[in-house]
Amino acid sequence: IVLPGSVDPKRRNYDEIYEAFKNLRVKSKKRIKVIFLGRSNLFGANYLKKSFKNICSEKLEVVFFEKRIPMAEYENYMNSCDVMLNPIKINTSYHIFKEIYGKTKVSGAVTDIVRYGRPLILP
């Protein structure tokens with residue numbers, strides 16, 4: 001499972017994702033690998049990384065990247081994943097501008113569907 005893009009708690013709802021994987025790691029019969037496919041050195045990402053690392057188990061592996069991922073590596077992950085998750089917050093802001101996903105803003109993950117042919121789960 002890949003979550004493409006920078007890890008940014010201001011623009012994405014990781015709380016629901018966290019709770020889902022916390023439950024899934026116990027109930028799943030298969031191993032799950034969750035890849036946060038973007039840099040995770042933004043403000044607020046450290047708490048998120050610690051939280052996810054705390055729920056890792058033999059059934060749940062979580063991967064974070066500190067820096068921007070080279071395009072070839074990004075494409076390898078995207079081409080080999082089963083599904084993408086994009087837990088965007090519908091109402092968000094970019095600097096001083098208020099944005100509404102689907103009205104004034106579109107997620108780059110939408111183009112990833114076309115480019116990589118993988119299913120995407122959006123709110």
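This is a predicted model: local features need pLDDT of at least 70, side-chain atom pairs count only at pLDDT 80 or more; totals for chains, interfaces and linings use all residues.
Tyr47, Lys50 and Asn54 sit exposed on one side of α2.

What about the buried residues of α2, which ones are they? They are Ala45, Leu48, Lys49, Ser51 and Phe52, in a helix that runs over residues 45-54. Looking down the axis of α2, these buried residues fall within an arc of 165 degrees, so they line one face of the helix. Their cover includes α1 (14-27), β2 (32-39) and β3 (60-65).

## The nonpolar cores

The largest nonpolar core has 17 residues, and those touching the most other members are Leu3, Val7, Phe21, Val34, Phe36, Phe52 and Leu60. Two or more residues come from each of α1, β2, α2 and β3, with α1 giving the most, 4 residues. Another core lies apart from this one; it has 12 residues, including Val2, Leu37, Phe65 and Tyr116.

## Salt bridges

The count of salt bridges is 4. One of them joins Arg11 to Asp8, with the closest N and O atoms 3.2 Å apart, and both of these residues are buried.

Glu66 and Lys49 also pair up, at 2.4 Å from N to O. Glu66 is in the loop between β3 and α3 (71-80) and Lys49 is in α2, so this pair ties together parts 17 residues apart in sequence. Lys49 is buried at 11% relative accessible area, while Glu66 is partly exposed at 45%.

Conventions
Residues are numbered from 1 along each chain as its sequence is written. Side-chain values use heavy atoms; hydrogens and water are left out. Buried means under 20% relative accessible area, exposed over 50%, partly exposed in between (1.4 Å probe, protein chains only). The arc is that of the directions from the helix axis to the C-beta atoms. Contact means heavy atoms within 4.5 Å. A nonpolar core is a set of buried Ala, Val, Leu, Ile, Met, Phe, Trp, Tyr and Cys residues joined through side-chain atoms within 4.5 Å. A salt bridge is a side-chain nitrogen of Lys or Arg within 4 Å of a carboxyl oxygen of Asp or Glu.
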